[in-house]
Amino acid sequence: MPNAIQDLLVVDDTSFPYVFEQNVTVTPKSGHGLIRCNVYRPKNSKPVPVLVTYGPYGKDIHYQDFHPTSFSEVNPQHKSAHSAWETPDPAFWTSHGYAVVRADERGLGQSPGVLDTMSRGTSEAFHDVVEWASDQPWSTGKVGLLGISYYAGSQWRVAARKPKGLSAIVPWEGMSDYYRDRCRHGGILSNGFIKFWWNRQVITNQYGKPSRKASNWGPDTIEGDLSDEELQASRQDQNIDNQENRFRDDLYYASKEYDIGDIEVPLLSVGNWGGILLHLRGNVEGYVRAGSKFKYLRMITGRHDLPFYCEEEVEIQRSFLDAFLKGEDRVGWSQEGKVAAVNLVLRKGNVGFNNAEKEKTYLRREENEWPIARTQYTKFFVTRSLSLTPKEPPPIQPKSKVSYRALGTIENPELVQFTTEPFEEETEITGYVTAHLNVSVSPDPDGPTPSDIDLFVTLRHIGSDGTEIFYTGTAGDPVPLTKGWLRVSLRKVNKESPNHREWLPHRDYTSRDVLPVIQGDVYPVDVEIWPTNVIVEKGEKLVFEVASGDTQGSGIFTHDDPVDSRYLYPPLDPGARTIRLIELSPADFSALPIRCQLVEKRLAPSLSYKALSYTWKNDDVAPDVAIFCNSKSIYVSANLHAALRRARAPNGVVSIWVDAICINQQDDAERAYQVGMMRDIYQNSSEVLIWLGESGPDDDMGDWIREKAGADGDSLRSTHDNTNVTQWFGDKRDIPKLKAYFSSTPGEERALKFGDKRCDIFGTFCVLHLLGSGVSVDKIWHLRHVSYSAGIVNGLNAIMEKAWWQRIWVVQETVVAKKPVVYYGNMSAPWRLLALGAIEYDTSRVRYNLDGLFSQLKSGQSLMQFTRIVMEIESTRRSWENLAPMVPLTVLRKFRSRLATDPRDKVFAVLGLIRSWGVEKSGQAMKGITPDYATQDSQIFFNTTELLIRNTRSLAALAGTLQRSPGQSSMPSWVTDWSCPPTVNEHIRVGNIQLYNAAEYLSGSVAVHGQSILETQGYLVDKVEYVGRALENGQGRNKARLTVLEWQKSLPIISEVIEGQYTGGGPLYAAFWRTLCSDLEFVQYADSSAYVREFRRLPELTTKNEAYERWLTVNEQPHRRTSLIGGVWVEPTDGELETESKNAFQYLLECASGGRRFFRTRKGYIGTGPVDMTVGDSVAVLLGSRVPFVLRDDGIPRLCSGRDIRVLFSERSSYQAGKEAKAQNHETVHCYDSHRCHRVIGDAYVGGIMGGVMKPTNQWDVESIYLI
């Protein structure tokens, strides 16, 4: 549970030489979360200026605990009881007339809320803290920002928002461009540092994280710990966010954009020449682009942490801040031209690295601008002899190339280096460096060939003795002069940008800028290299290095994320109907790894390929497996890997479409239009491979049959392209396999190998073949024999337990396929074999007590489950083949119970089956739902429900489960949450509502007010006064009978002998049993050309139901008296069997009332309704609905306040909602009324009113009913 917010303020004005206020609370203007601050201010002083920091590292975590080694080296003047990492020391600054406010960022330390570092919300909250500080009585109203790294990078963003009171900023080594400086260098993810930073320094301080104090990481959260689930739900993980987002126009990065030019306050940007992998670029570019009148750039060297506290640098900070926060300008910062705009440290000589004392020998120089105006931009050329020279080669020189291997790593670098001749005179290099390269990628016979090129370039300094001169990096590590990066598919330069310069190429890095990288093509690219400074002395050299991965000097700032490096997707042209296919390279089944090529093809009838229908995971925990796609290592699930392995052929390339690989899953736009093409993709494929999954250790795949058959065993494998697949045909070609199996005996070796858990997969396929050939299930001897039956049933269960059967996408993939083929391990069979087997079983299950038979064989309801699931798809497939219209609502309901990772796919996955959404009154085709992954799932569900109401011109879409999945509780009650699974058999029940017409005599209109209220006409029939217990699904006849008898006892007088009269007409007893079956009867039949199962309304004059009365009788034989004779279960005589009518009524009862409650109203009406209904609910008949609904008074009047009204359908020509509705024009109507609203609990059956007999009279007042 979330913590209860407390007042945590503690004030200490005696223990320290300053007043210490701990956990001062600031409420952000957004209202999200709270900000807790520590305030340190001089004692007994008049108002003073304020220095503010806002960040993640813990206002209460002492510097010594955060980084003991660093703290031991800090200038003693800046060590105190409240020293903290990368922030100004309170003791020092309060002694110099400043107050210090140190805030815990929202979601961290003692600040509750969502942890979302470097976000727009972070900047907005920081903005509010600055304004709060300026308004305090102890503040002069002037606020300055001072801090290192994160506490510097955040300064740029908040300063651009111009908070009241902000008077100066000092971003000390702080990136200013989140994408280019920190996260994606040249478009390549800098994952190494992000992972280190996030895991060590951020989530360890998350608000509510247990055991912080025990870990010596500051105090525990005072308001209490949060659970792991709460902690995870309360943070945005930078590892995940940066991995899943690639481009600056992705919402994650786009939301962080701001205009540096909006910064107007005085600015002192301090950069470090050694910060070549994080902050250097940001300090320089931030200075250049800021709009401040007084802005200064100061360059330093040394480690990232220590110079900030050095006496010389602190004096620079203090004099700058005194000038603009106190008006005490000792130096001239506030006087134009008085202080040089740029102050550089010049790196000359080999002083070593991480040696602050020796680095003090570096001289400093002032400049008036950056870049330095007198810079002489000089070209150096690389040569085939690996030299780097300022001499331009003659134009007639033949072109040559230098190659290196792709996919290098910092441990095993792949690179080329070009070296200058020794410099003949001292030369200063200060400013920007750009590398113009011509690059290409070619196949590598000994390793993977990438589909993209990642360039890692480095400039190195070689001393006169031939050894490299290293400089001090961020963490005190040895680094070269500078580095640069580029992903070649993001090579597009925006020369129109005001930030573009010849010596600094500007890239937008948006998804629209992605360009193809094709093997063999040469691409000219300009690589931005971060600014640098060095004085090369006579006799020294420079080395220009080009690599395919990180090289020396990268430290923890590595770029080796396996997901980011698998970029395979040049953009597809949506207008060209192109797709990608995998071309699986020929290989034997045992050959690993799998190798394939991802190729782009135009979707056309002549294109030959297969399509894979599968599920990503198969309910296992197997790790992902690497394959080589376009010679780049990518990871796929173990289940997909197994499918591709089976799909390969030993002697030829197999072209196959696989959604997870062929669609760029990170590109929502591509994903949406490719999903819109999936029907055509599967329909045009030569074969749809339905991959159920690999066989398990208990699966008997029939290897013993081939061993037994000896030489003839090869013939059992048939003619499949892959010799490791045993192929079934569903015709006479399977006879050799059937003979081999049915002539065999169980065998001790199989019993020893598999034991009681044996899943006889081969036997299961044999039985399915017999069923599909028309052999009745009770005539299959092996299903009755104890030595065979258990293994066969276990085999069927193993097949049906695969996750494929639960996935919603597989429906469309199977329904539209020309040739669907099912694969289970090394077994394959045509879908038709399974479908015919299911039909044969289903046509006989009502005639015979088959569940009772197989209960002796430990099958449970295996065959029933198999039949239900297969027929759910097969019936749709036959309708599709016969060009029958696919009613959108029917299709959505039928497959609602299936699963999807993305809730929106519960709608999108079946769109391809819907040929038409209907016709508008104008005669034009009604526009349907289209896949759109940029729209929230709640809006998709709302749009779908609204469209279904228009499409059906009814409220049929409101029938069925209206429960909510977590996160969807804010949707109106009348909107179907398609991600919430329905009850068993619900699609059958709601599919029968067209047999009723409760609202036959109603007229009017149905309309939507804004995004919440649905208005219709109708009448409230009565209030509910009794609700019985739910009739649970699948509980069996005897338990169902007890529930029904309990319902019956709630009625005043009812029996087959004593008949009372029912309020809705006729005998009460007849009304009761008609209510149980919703006044329906069930019929089914099948022949060679048709398979029919349907429900029909009972004749009106029928008052007795023999099937119900038989069903109601007590079963004196709860266990079948089945005999075991010679190891075979033998059926009793027909006279001892339960009759067909008993089973038929049980099935009818489950479909009509399963998962429902019986209820009675005050006036005596009886019916069945949703499981969530309760006493006091109302029964209503609504315009546009063929069945009544149970409604619940919302209890709160809802004011429309001018909401737009959209008429969904109307039974009359004009419409105006509410007495004060105002038409702004002919198309738009607005409502300003307050409405009494009801929540929809669900649809109902009410005896006596299902046929529209309740005509509007004085008894039934028709009124507008508002649903919320």
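## Before we start

This is a predicted model, where local features need pLDDT of at least 70, side-chain atom pairs count only at pLDDT 80 or more, and totals for chains, interfaces and linings use all residues. Residues are numbered from 1 along each chain as its sequence is written, and side-chain values use heavy atoms, with hydrogens and water left out.

## Two nonpolar cores

Let's begin on the inside. A nonpolar core is a set of buried Ala, Val, Leu, Ile, Met, Phe, Trp, Tyr and Cys residues joined through side-chain atoms within 4.5 Å. "Buried" means under 20% relative accessible area, "exposed" means over 50%, and "partly exposed" is in between (1.4 Å probe, protein chains only). The largest core here has 200 residues, and those with the most contacts inside it include Trp657, Trp805, Leu1014 and Tyr1108. At least three of its residues come from each of domain 3 (578–662) and domain 4 (701–884); the domain bounds come from an automatic or database domain assignment. There is also a second, separate core of 117 residues, and Leu268, Leu277, Ile372 and Leu455 are among them.

What is Tyr1108 in contact with, leaving aside its neighbours within four places in sequence? Its partners are Val1044, Gln1048, Tyr1069, Phe1072, Trp1073, Leu1076 and Phe1145. Contact here means heavy atoms within 4.5 Å.

## Rings that meet, and charges over rings

Now for the aromatic side chains. Rings of Phe, Tyr and Trp (its six-membered ring) pair if their centres lie within 6.5 Å; planes under 30 degrees apart count as stacked, over 60 as edge-to-face and the rest as tilted. By this rule there are 60 aromatic pairs. One of them joins Phe92 and Trp93 edge-to-face, at 5.4 Å centre to centre with 80° between the planes. Phe92 and Trp93 are both buried. Another edge-to-face pair is Tyr296 with Phe320, at 6.2 Å centre to centre and 85° between the planes. Tyr296 sits in strand β11 (residues 295–300) and Phe320 in helix α12 (residues 311–326), so this pair ties together parts that are 24 residues apart in sequence. Both of these residues, Tyr296 and Phe320, are buried. Helices (H or I, at least four residues) and strands (E, at least two) are DSSP runs, numbered from the N terminus.

Charged side chains can sit over rings too. The test is that NZ of Lys or CZ of Arg is within 6 Å of the ring centre and within 35 degrees of the ring normal. Lys737 lies over the face of Trp728, 5.1 Å from the ring centre. The charged end of Arg915 sits over the ring of Trp880, 3.7 Å from its centre.

## Salt bridges

A salt bridge is a side-chain nitrogen of Lys or Arg within 4 Å of a carboxyl oxygen of Asp or Glu, and the count comes to 64. Arg246 makes one with Asp564, with the closest N and O atoms 3.4 Å apart. Where do Arg246 and Asp564 lie? Arg246 is in the loop between α9 (238–244) and α10 (251–254), while Asp564 is in the loop between β23 (541–547) and β24 (578–584), 318 residues apart. Arg246 counts as buried at 7% relative accessibility, and Asp564 is buried too, at 2%. These two belong to a network of salt bridges that also links Arg184, Asp454 and Arg487.

In another bridge, Arg374 and Glu367 have their closest N and O atoms 2.7 Å apart. Here Arg374 is exposed, at 53% relative accessibility, whereas Glu367 is buried, at 4%.

Twelve of the 16 residues of α12 are buried, so the helix is largely enclosed by the rest of the structure. Its buried residues pack against β4 (48–55), α3 (90–95), β6 (139–148), β7 (166–172), β10 (267–272) and β11.

Finally, Pro88 is in the loop between α2 (68–72) and α3. Is Pro88 buried or exposed? Pro88 is buried, with a relative accessible area of 1%. Not counting residues up to four places away in sequence, Pro88 touches Thr53, Trp93, Arg102, Leu146 and Phe308. The C-alpha atoms of Pro88 and Val52 are separated by 9.2 Å, and these residues are 36 residues apart along the chain.
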